[in-house]
Amino acid sequence: MASQIIKVVRLRCFIRTGRIIREHRAKETFSLRSYATEGDKKIPKVYTRTGDKGFSSTFTGERRPKEDHIFEALGNTDELSAAIGLAREYCLDQGHTFTDQLDKIQCILLDVGSNIATPPSSARESHMKRAKFTAQPIADLENLIDKFTEELPPLTNFILPSGGKSCAALHLARTVCRRAERSVAPIVRSGEADPEVAKFLNRLSDYLFTLARYAAMKEGSEEKIYKKPE
């Protein structure tokens, strides 16, 4: 008798457990299905697999090898933005008030990338209008350089990247900017990018150099001066 009761209890537990599992799975399936189809919106994936064979697309849809000079310039410009972003974090830690300028420059670098990625040889007029790069950002940088230079002591010696973390990080961004400029130069000469793009990068490196010195001055950090090794 006792064994029969145990069997009945076990059977009821088995049935109840099975029902709970089925209900849970039904709710989970419904939840996932609702999440995936709500408003007919799909979650964009970070990976596309379109570059697995070593080719990538310009903004015009043209497929080129990833080692193409356009993608080299785009990569350097992207690295420059990342270097500026890192420098900005150090500057924020020190309470500098010019970090909004770095924010704007990172946005402009996306416009630089758009122009580089839109070679006229494969672009429609609508592409060219959207990716056109103007000279205004260059004039803005020159005004900022002049403003900071007025507050800085005259530069009489070569200086080394130093003067605190903010200053050193801005110098690092400056060197990446020079590399980006070098990779853009042949693209501009071939007519595949606006000349203002190269001018902007050239002026940006001057701005970052000046800003590095300004950051060191504001923090009261000493910049190391070049001395000929004995």
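A: The search of the whole structure finds eight salt bridges (a side-chain nitrogen of Lys or Arg within 4 Å of a carboxyl oxygen of Asp or Glu). This is a predicted model: local features need pLDDT of at least 70, side-chain atom pairs count only at pLDDT 80 or more, and totals for chains, interfaces and linings use all residues. Residues are numbered from 1 along each chain as its sequence is written, and side-chain values use heavy atoms, leaving out hydrogens and water.

Start with D103 and R88, whose side chains meet at 2.4 Å, N to O. D103 lies in helix α3 and R88 in helix α2 (residues 69-93), so the pair ties together parts 15 residues apart in sequence. Helices here are DSSP runs (H or I, at least four residues), numbered from the N terminus. R88 is buried at 18% relative accessibility; D103 is partly exposed at 29%. The cut-offs: buried is under 20% relative accessible area, exposed over 50%, partly exposed in between (1.4 Å probe, protein chains only).

Next, R178 and E181 form a salt bridge at 3.3 Å, N to O. Both lie in helix α6 (residues 165-189), three residues apart, about one turn of the helix. R178 is partly exposed at 31%, whereas E181 is buried at 16%. Elsewhere, salt bridges with shared partners join R88, E89 and D103 into one network.

Last, E142 pairs with R203, their closest N and O atoms 2.8 Å apart. E142 is in helix α5 and R203 in helix α7, so this bridge ties together parts 61 residues apart in sequence. E142 is partly exposed, at 32%.

Technical notes: Helix = DSSP H or I, 4+ residues; strand = E, 2+ residues; numbered from the N terminus.
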